[in-house]
Amino acid sequence: MQHDVVAIVPELMLVAAALVLLLIDPFLPAKGRRGLSWLGIMACLPAAASVWLARSQQFSTFSHGIALDGFAVFFKILLLAVAALAMLLSEKHLARNGRLLGDYYALVLLATVGMMVMASAIDLATFFVGLELMALSSYLLAGFFRHQLRSIEASLKYFLTGSFASAILLFGMALLYGLTGSTNYQQISIAIGSGSLDGHVIVIAVVLLLGGFAFKVAAAPFHGWAPDVYQGAPTPAAAFLSVGPKIAAFAAIIKFFTIMLGSEQARWVPLMIVVAIATMLIGATMALLQHDLKRMLAFSSIAHVGYLLLALIAAGQSHSNFGSSAILFYLAAYAAMNMGAFGVLVFLANSARFNDSLDEMAGLARRFPGAAGVMAVLMFSLAGIPPTAGFLAKFYLFASVVDAGYAWLAVIGVLFSVVSAFYYLRVIVYMYMREPEPEVAAVMEPGGGRSWDLSLGLGLATAVVIVLGVLPAPVLNAAQDAVAKILGS
Amino acid sequence: MKAAVLLIPLLPLASFIITGFFGRRYFKDKSHYLSVASVAISWILSMYVFIQVERGQTLSWQLYTWIAAGKFHVDIGFLVDELTAIMLLVVSTVGLMVHIYSIGYMHGDKGYYRFFAYINLFMFSMFMLVLANNYLLLYVFWEAVGLCSYLLIAFWFPKLSASNAGMKAFLVNRVGDFGFSLGIMLIFVTLGTLDYSSVFAAAGTIGGGMVTAICLLLFTGAVGKSAQFPLHVWLPDAMEGPTPVSSLIHAATMVNAGVYMVARSSPLFAHSHTAMLVVAAIGTFTAIFAAIIALVQNDIKKVLAYSTISQLGYMFMALGVGAWTAAMFHLLAHGFFKGLLFLCSGSVIHALGGEQDMRKMGGLRKKIKITYWTFFIGALALSGFPGLSGFFSKDAILSGAFSGGYWYFWIVALITVFLTAFYSFRLIFMTFHSEPRMDAKVFAHVHESPPVMTAPLIVLSVPTVVAGLFLGIPPESGHIDHFLHRVFAAAIVTPEHQFGFLSGSLMAISAVVGIGGILLAWHFYLRCPFLPAATCKRAGRLYTLALNKFYVDEIYFAVFINPLRRFSRWLWRIVDAGVIDGAVNGAGWLALGAGRLLRPIQTGKVQGYLFAMFLGLLALMVVYIILTL
């Protein structure tokens, strides 16, 4: 592993872009901020390119605090794509709400830097710095519509619960450090693997880490904030927050649980099973009751986290890379379909007065055939119907669970995905087969909500959902490759 | 041959894309041109492929590597053997006839182009389903035909019942596919491949319990798709779709996919006696169960729907007792005659201006002669009247069950033969004979359908009559047995035996029983028309039960759906609203500081969330302690 600052070049690019955005923003007239998003999006491209160029080598810096290895390459490119997509979805919505500011894009970029650091950290200290950078930027993004009470409320809730979770996580990490005397992942892994440590303390550390991470990915019973935050946050920000932090957290979870605590899997797997089942249960059954689409998507994403945790159990149990690579592929598919679904809500909110309720989706196919078509594809994908990415991701994920010897868990998971089909299909039925209420129809006249970067974003998300379903091999290979190169092993 | 195999699915796909995109603006009432032409060429090519296979040429073709990631390797490829050829024959023939028929039936409908686009998409998916060479590809198109089926069931979606029926079909099939997908995963993790040939080659190496699990899970998928008990509930509701759809998808092709899949997996099933027995038991039960319901239904399409469920039950019984060829034979014969019967019923409905209730029919015999005679032929075949296709195929199943030693299945099946003949001719007599029971005005308007609709009826009645004579004689070693022998060679348990005295007498028994059923219907509905009402009264509760389809839907609502709803509300109250908040307010010690901070915000939920997290941590500790004790 080369010791070189190359390891953080992509992050430095994003930070530079964020600073430029913050610096020039005050000098721009209100109308001049149009197209500012492209500064942020364009920053992602060279960052992704530099990550890609470094894919065959391994770099580390900050005295082995952060590493750009194959694993990090996969996550960084995915996170950069998510950030770029989030910025594509935002402009029109921000402008309509009078908050078209460079700060927004700067916050997205800084949050992305935090996530990238989380994904490539190989030291507890750098990991925590990344986590907090991501978290603080996220709280601000959730409250970005500061003239809206519910946006501020979302932000404050997110901040209070998030700080609590960070504290829990930090406590767990402190225990690991206290036990092993090191903050380096590999050192900790070796120390724990030696088996000479106090088992009771390890259990406490495991529970605290599990709780903290469960919060970050919105797993039950640490999920309560998610529906409120997604509902209250500006919709494009919710699109970003429902995907980005989870991807980064799963990158860390894989390293924490399958590498650092890999030898302790007998201790954490049972706990993880409980959390995973509770998460799927809460997500799938609660989503049935929601009439607010953002809350529905929030609970649906909780259910998806439950499936991901099943794959984590598989990854912890079996020594193959099947489970971990299933997580990576699932995250890529999930990112495209979930952000796309939120993107459609952004489009509708831009086009008319739209309160994210299911009733307002009635007859959508007639008024906005394009948006309805995109939403239908994304809903089918979220429900796991072929030939979409959602199907293949689920198939691969549950196959990994069966492969690890947890057929019964896969049965439960597939059963919940059967239940989930109902609330996804309901959206399609409303869009295509219900007549709108007259007063809703009057409000929902097609307005000037079109913006071509939003359309581009939706088109890209839909294309990814279909391409990942039909031609999954490159991404699937990349995922397997990435898992094989984790921590330079 | 490769080009033909490739073009068979691709032509309808191309037509779907073109008609779907340009139909509304440009084709309008000419949308069927391309659609019918594409399926016609596919039909010719299917015939060509069938003849090639008949000459002994089969094809296994890896077209393209779909997924190659480590050991997860799936191809897109075609497998054309005798089984595929038979499916192609049924799908393309009935498909072409239904396409032609729809020109007349859907004429003037607002969604004319949409209809043809959807059924083209269906044809593509169905062709791909039967041509696939591995389980994952099969599953993909299994879902795709399902999707087309939901689209077409809900075709007239402004009607609430139609869109609900579509949704019901979708959700019930999710339950079946839940098992199916798990079965495929299990195959993959045990054998590391999903390719038919590799899976079947390794079928013997899977352990006994595992192979049973795989087979039962696969069968779950078949139960959903082929509408077997207890997942049959979606098919009768699916009759909300246009009648050509009922004929094509819900009688002749898609619902057979389950039978096809089990037959395709015969090398796996042959290794699990338990799974075979379950298949046979479910099939037999469904056969008689649905036949009883069909006895008392008054909607002409519902009678045929339950009849389809019942006949599919026969096929599963045949598969379960190891009479693989008989199952495929019946699939072929049933595909033709049930497709015919549905199209005829559509012609009747068309003639009466949309009426489906048989109590408001009667006396149509003279008015719509072609429909009457073709319907009559179809009903005879369904009843197992000697000489027609249904007779030979049904007899093959019955003798398969008997000679396999499953005499109990044989008895039930024989009773079902009787019931089938009865309800088939109840339908004929109520619809076409006796006095007209509709308004004089409606009766005066009754007219035969246009030739574009009657021609397919005549064409389909040809195989209905002759398929059995050509393929089924002599029984058990007829043409079809030789044709399919290679496919099922690995799975056939009972040795082939010659047509002898036993088979002959079995055949005679089933013929007599079938004719008896027809005669009884004649006695009930023509000779003594007061008898049905009197019998219903005497049957009392049994009649009510059958009329209400044994309350299966209601039971599902009471046992699964309503409890799930109640449970999620209850969970919501605990998680979101009540208990945790209450606990927080009661024990304010936890979040005093946070509480003061949050007072300006109208909701106190944050304390609840924090408290839940705290409880969650404690719970995890407790779980751990319990697990390690």
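Colleague: Where is B:Leu542 found?

Modeller: You'll find B:Leu542 in helix α24 of chain B. Keep in mind that this is a predicted model.

Colleague: Is B:Leu542 buried or exposed?

Modeller: B:Leu542 counts as exposed, because its relative accessibility is 53% and the cut-off for exposed is over 50%.

Colleague: Which residues make the nonpolar surface patch?

Modeller: B:Leu542 is one of them, along with B:Leu545, B:Tyr551, B:Ile555, B:Phe557, B:Val559, B:Phe560 and B:Ile561. The patch covers about 710 Å².

Colleague: And which helices supply at least two residues of that patch?

Modeller: Both α24 (541-547) and α25 (552-586) of chain B do. The largest share comes from α25(B), with 5 residues.

Colleague: Good. What about confidence, what is the mean pLDDT of chain B?

Modeller: Chain B has a mean pLDDT of 84, and 93% of its residues reach 70 or more.

Colleague: Where in chain B is confidence lowest, and where is it highest?

Modeller: The lowest is helix α26 (residues 592-598) of chain B, with a mean of 44, and the highest is helix α11 (residues 257-264) of chain B, at 93. Over residues 578-602 of chain B, pLDDT is below 50. That stretch still has 28 contacts in the model beyond near neighbours in sequence. Where pLDDT is low, the predicted coordinates should not be read in detail.

Colleague: Noted! What does the model score for ipTM and pTM?

Modeller: The ipTM is 0.82 and the pTM is 0.89.

Colleague: Switching to rings now. How many aromatic pairs are there over all chains?

Modeller: There are 63 aromatic pairs over all chains. One of interest is A:Phe347 with A:Phe368: the ring centres are 5.6 Å apart and the planes sit at 85°, so this pair is edge-to-face.

Colleague: Is A:Phe347 buried or exposed?

Modeller: A:Phe347 counts as buried because its relative accessibility is 10%. A:Phe368 counts as buried too, at 4%.

Colleague: And what kind of pair do A:Tyr423 and A:Tyr424 make?

Modeller: Their ring centres are 4.8 Å apart and their planes are at 55°, so that pair is tilted. A:Tyr423 is buried at 1% relative accessibility, and A:Tyr424 is buried at 2%.

Colleague: Which residues do ring pairs link into a cluster?

Modeller: The cluster is made of A:Tyr139, A:Tyr158, A:Phe159, A:Phe215, A:Trp225, A:Tyr230 and A:Phe342.

Colleague: New topic, then. What does A:Thr462 touch?

Modeller: Leaving out residues up to four places away in sequence, A:Thr462 touches A:Val374 and A:Val377. A:Thr462 is in helix α20 (residues 452-470) of chain A, and its relative accessible area of 9% makes it buried.

Colleague: Which residues are linked with A:Glu153 and A:Lys157 in a network of salt bridges?

Modeller: A:Asp228 and A:Arg295 are linked with them in that network.

Colleague: What does B:Glu143 meet in a salt bridge?

Modeller: B:Glu143 meets B:Arg174, again side chain to side chain, at 3.1 Å, N to O. The pair links distant parts of the chain: B:Glu143 is in helix α5 (residues 135-153) of chain B and B:Arg174 is in helix α6 (residues 160-191) of chain B, 31 residues apart. Both B:Glu143 and B:Arg174 are buried.

Colleague: And which residue does B:Asp237 meet in a salt bridge?

Modeller: That is B:Lys168, with the side chains at 3.1 Å, N to O. B:Asp237 is in helix α9 (residues 234-237) of chain B and B:Lys168 is in helix α6 of chain B, 69 residues apart. B:Asp237 counts as partly exposed, at 26% relative accessibility.

Note on methods:
Residues numbered from 1 in each chain as written. Chains lettered and ligands numbered in written order. Predicted model: local features only at pLDDT ≥ 70, side-chain atom pairs only at ≥ 80, totals over all residues. Heavy atoms only, no water. pLDDT = per-residue confidence, 0-100. Helix = DSSP H or I, 4+ residues; strand = E, 2+ residues; numbered from the N terminus. Contact = heavy atoms within 4.5 Å. Patch = residues over 30% accessible without salt bridge, like charges linked within 9 Å, V, L, I, M, F, W, Y side chains within 5 Å. Areas by Shrake-Rupley, 256 points an atom, 1.4 Å probe, with all protein chains shown as cover. Salt bridge = Lys/Arg side-chain N within 4 Å of Asp/Glu carboxyl O. Buried < 20%, exposed > 50% of the residue type's maximum accessible area, 1.4 Å probe, protein only. Phe/Tyr/Trp six-rings, centres within 6.5 Å; stacked < 30°, edge-to-face > 60°.
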